[in-house]
Amino acid sequence: MSSTRAPLIGQPVERKEDYRFVTGTGQYTDDIVLPRQTYAAFVRSPHAHAHLRSLDVAAARGAPGVLALYTGKDLTSVGGVPCGWLIHSIDGTPMKEPKHPILAEDKVRHVGDPIALVVAESAREAKAAAALVEVEYDVLPAVVNPATAAASSTSVHDIAPDNICFTWAVGDKAATDTAFARAAHVTRLSLINNRLIPNALEPRAANAHYSPASDSYTLYVTSQNPHVERLLMAAFVLGIPEHKLRVVAPDVGGGFGSKIYLYAEEAALVWASRRVGRPIKWTAERSESFLTDAHGRDHVTTAELALDADGKFLALRVDTIANMGAYLSTFAPCIPTILHATLLAGQYTTPHIHCQVRAVFTNTAPVDAYRGAGRPEATYLLERIVERAARELAIDPPELRRRNFIRKFPYATPVGLTYDTGDYEATLDRVLELADVRGFPARKAESERRGLRRGIGYSCYIEACGIAPSSIAGALGARAGLFEAGEVRVHPTGKVTVFTGSHSHGQGHETTFAQVVADKFGLPLEDVEIEHGDTAKVLFGMGTYGSRSLAVGGSAIVKAADKILAKGCRIAAHLLEASDEDIEFRDGAFRVKGTDRSKSFAEIALAAYVPHHYPIEQLEPGLNENAFYDPPNFTFPAGSYVCEVEVDPDTGAARVDRFTACDDFGNVVNPMIVEGQVHGGLAQGIGQALLEGCRYDEESGQLLTGSLLDYTLPRADDLPNFLVQTVKGTPCKHNPLGVKGCGEAGAIGSPPAVINALLDALAPYGVRDLEMPATPLRIWQAIEAVRGKR
Amino acid sequence: MPNLSYHRPSSIAEAARLARDDPDAKLLAGGQSIIPSLKLGLLAPSAFIDLGGLPELRGVRLEGRSLRIGAMTSHAEVANSPEVRKHVPALAHLAAGIGDRQVRNRGTIGGSLANSDPAADYPAAVLGLGAEVRTDRRAIPADSFFKGLFETDLGRDEILTAVEFPLPERAAYVKFPQPASRFALVGVFVSLTGKSVRVAVTGAGPCAFRVAALEQALAKRFAPESLNDITMPADALNADLHGSAEYRAHLIPVLTRRAVTQALA
């Protein structure tokens, strides 16, 4: 029996999960209503920085529907919100790691910092009661600007009087300085990587329940990694064993990093659910999301690039101040260090690189990974300074990049990574052709006839995905492994359920992973179901972030599937009376090599579960295998982007007119999903470049962009039709699928392309610099500033 | 949301009586500003007097040389009205650019004018066309209707019933949107009727206002070039994250030129 069919891998298979999403039958955390459900609201600080002088909760406790009210004093027996990454400063001292209380103890440290938890019969009553809590504050000066935080006379935390969390560095400083001394040309750049607010469509939510019958907790939560949430919550916050806590992350409506972390609200709910004796639910309002979701980026950077007379890069020197916000979020310290500074070689052979990163505390919301996480910051500064160097040296920007491309692999960078493979020239050549760069002068002239200035900008990015080899991560400060787990359960009928520790919150794993497994076993797609997001079902998992799901999670599934096939071969050998070595699995069947004798996949599955004729002495019945996969290296997706903008010089309004992307993601399982991921990434990257900018008031620390009326998310009509092409290019050499990851590329590669294009458009005015987001106001001001100088 | 009473009167007289009897009640038109304010706790009226049950407040009618638009006419109805599109296409264009589809289906011209949001579009048209605001007790010329930030000449219990727009020879509205909210960062409405030129600006001050210098220059010759040497002082203009006063001052003549070009097209 044979079921030969074309492979599903490589096909733009429609997403299996979309039926439930487009018909409104998805199940999100807020959709879950448990018996005897109660609801929570949080009292939050209106001040960025204040001592709590007194709290009067009497009126709130007595308000209608209120069941319980807790403050920081009630939570002294539990731990704070833990941080999962330890960075050491240059001098060898560990980073300053202040306690992050679940509810504020003596001080509040950012607007929105939770002070009290109110539990009531309804969300409305909880909110109304929360408004009755009277808090007296001794307001303190706020530390807001990361650039001046270290010089502030105010300390966010007593254990870090100068507000410095750590000062870390990578690279050979002496060699870098020496290279600068003999440079023919040095290009300098100061920039800010603007702070972003994630804004997943579904706000954060949690529903916690304690069962006295089993003395255990269940937490439904908007999480990208339920097992990590369980580990942190059980071990560090509640001090309970992991098997007494089940974490379920059901359908989750977007994360972009913001749902990786353990948040105070979730911990408070789990803790309180036991005391209240009823399940407690909380769903953030959008304004709470703005104030309390971990934000992204927020670097203040100076960079210098040394070049020789031929435009070869000799050295790169970078100094960055990274804003951690008021507390250390789960992965915060690793973002500006391990995920930023190690990417500074980019696609280039720069022999000497040194990067120093100073992380500071401020009275703002915590900052952590956001789509790209460190790599957009690295790419932005690198691709900005390369393009500026090209302009200063009057070399065509693609040509300058070409002169410096890495061409021999594996390539060990001076900042700790080893690229396994890549072909940067190929994606650059292709994107220049796709973008019709030759036609740019004609388009520019046409724009000028309409009174508009057109510019073109480039970006050649690299990212490190497939996070991460545990031993390397551990050496760099990770307090956890970064493998992934998977289980393949073949049912007696030959249908398959796959359990993965990855978590899909929009990525389409239920389709992509099913394509991989269906091909592995020669099954139709509908015979494979993917389960994820429940610690009671999935053996373990490190979750989804850092474009790791297919490269790491998918590889774990492949390993488990290989074990299934190996066992299947042994069962088949018994049934077909052949030796194990004579069996091969091909075209959906176990075959005796060189004969027409075979057993189908379903026949072997049935034999495993009905072991009447079975090598029971040598082999266990059943067909179910687990695997853990720890990647030997990161993966290194790379690509080249070209952006064309039109600027209206009279108003400062800028529009991306053309955006062309050519990405090398290695092998691609579902090109439609990959293209969608690139589109989403580009939208967020263009959003960062032109629209999105979180702003706090420098004095008061109030969030000025606290709603969608002032924080500009990109909308469809802000974006052009993207021209996106993925080349198979250079498959990853060290994972079984040859895949690299695609989820963050667009957000990483696009911001410098947009700003470079704007600067090209504005070059005739003498504008050399623009901050993100390049709003109409900023563009107009940049033109005016130069005009004023003339 | 606070508890409040809800009335749905069936005549203007009944609505007026309800408003008179309860000083803390609020008239409810399309609710596109008042409901969000209520949810955010910025407002706690004792009652809503919903004007949605009064068909006489709804609709567009051509009356001689003017267009009468009932206060409860939605933005979508104005945008799609054949009369408006034929006689004052600039007004249809303005209405089509307010908010999003949902807002345009609920929001009303009367509600927008009575609210006098500094960045709303309609005030520019009312002022830029020299319209007359009708209430249950009088007619108010546009020039004396807008008084300040969220402040109009309307009495507390006065009910805006309609707006009468004279038909211009030429008119255009150009809006430069605030990037996030897409309200007008600056919006300029220009019109030419006989020898009379009006230039009304929204988004740039506490409420919509006319710019005499621009009107005078255009009255000499209604052409974009007439404004080439005119600059606006930034004093007293709005300033926020999205636009400094200087930027708004710069945009006013720029957008006026564009509006004139469109009006002439």
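Predicted model: local features only at pLDDT ≥ 70, side-chain atom pairs only at ≥ 80, totals over all residues.

Student: What makes chain B as compact as a globular protein of its length?

Tutor: Its radius of gyration is 18 Å, and the globule rule gives 18 Å for 265 residues, so chain B is as compact as a globular protein of that length. Along the principal axes, the C-alpha atoms of chain B fill a box of roughly 55 × 45 × 30 Å. Buried residues account for 46% of the 265 residues in chain B.

Student: How many of the contacts in chain B join residues at least 24 apart?

Tutor: Among contacts between residues at least 6 apart in sequence, 60% do.

Student: Why is Arg17(B) called partly exposed?

Tutor: Buried takes 20 or more C-beta neighbours within 10 Å, and exposed takes 12 or fewer. Arg17(B) has 14 inside 10 Å, so it counts as partly exposed. Arg17(B) sits in helix α1 (residues 12-21) of chain B.

Student: And why is helix α5 of chain B described as largely enclosed?

Tutor: Six of the eight residues of α5(B), which spans 89-96, are buried, so the helix is largely enclosed by the rest of the structure. The buried ones are Ala90(B), Leu91(B), Ala92(B), His93(B), Leu94(B) and Ala95(B). Their cover includes the helices α3 (75-80), α4 (82-87) and α8 (122-128) of chain B, along with the strands β10 (160-166) and β11 (170-177) of chain B.

Student: Which domains is chain B divided into, and how far apart are their centres?

Tutor: Domain 1 covers 1-49 and domain 2 covers 170-264 of chain B. Their C-alpha centres lie 34 Å apart.

Student: Which strands does β14(A) pair with?

Tutor: Strand β13 (residues 299-307) of chain A pairs with β14(A) in the antiparallel sense over nine bridges. Strand β15 (residues 352-361) of chain A runs parallel to β14(A), joined by 10 bridges. Val318(A) shows both pairings: Ala303(A) has Val318(A) as its bridge partner, and in β15(A) the partner of Val318(A) is Cys355(A). The hairpin of β13(A) and β14(A) has five residues between the strands, and there Gly311(A) takes a positive phi near 85°.

Student: There's another sheet in chain A. What makes β21 and β25 its edges?

Tutor: Four strands of chain A form that open sheet, in the order β21-β20-β19-β25 with mixed pairing. β21 (528-532) and β25 (624-629) of chain A each pair on one side only, hence edge strands. Ignoring direction, neighbouring strands of this sheet are turned by 20° against each other on average.

Student: And how do you know that β20(A) and β21(A) pair?

Tutor: At least two bridges are required, and β20 (residues 496-500) of chain A has five with β21(A), in the parallel sense. Thr500(A) stands opposite His532(A) in β21(A). Helix α14 (residues 549-575) of chain A packs on the sheet and touches β19 (484-490), β20 and β25 of chain A; the helix direction makes about 40° with that of β19(A).

Student: Last one: how many residues of chain A and chain B are in contact with each other?

Tutor: 13 residues of chain A are in contact with 12 residues of chain B. The chain A side has seven nonpolar, three polar and three charged residues.

Definitions and conventions:
Residues numbered from 1 in each chain as written. Chains lettered and ligands numbered in written order. Contact = placed C-beta atoms within 7 Å. Nonpolar A, V, L, I, M, F, W, Y, C, P; charged D, E, K, R; others polar. Rg over C-alpha atoms; globule rule 2.2 N^0.38 Å. Domains from an automatic or database assignment. Helix = DSSP H or I, 4+ residues; strand = E, 2+ residues; numbered from the N terminus. Axes fitted to C-alpha atoms, helices over the stretch in contact; angles between N-to-C directions.
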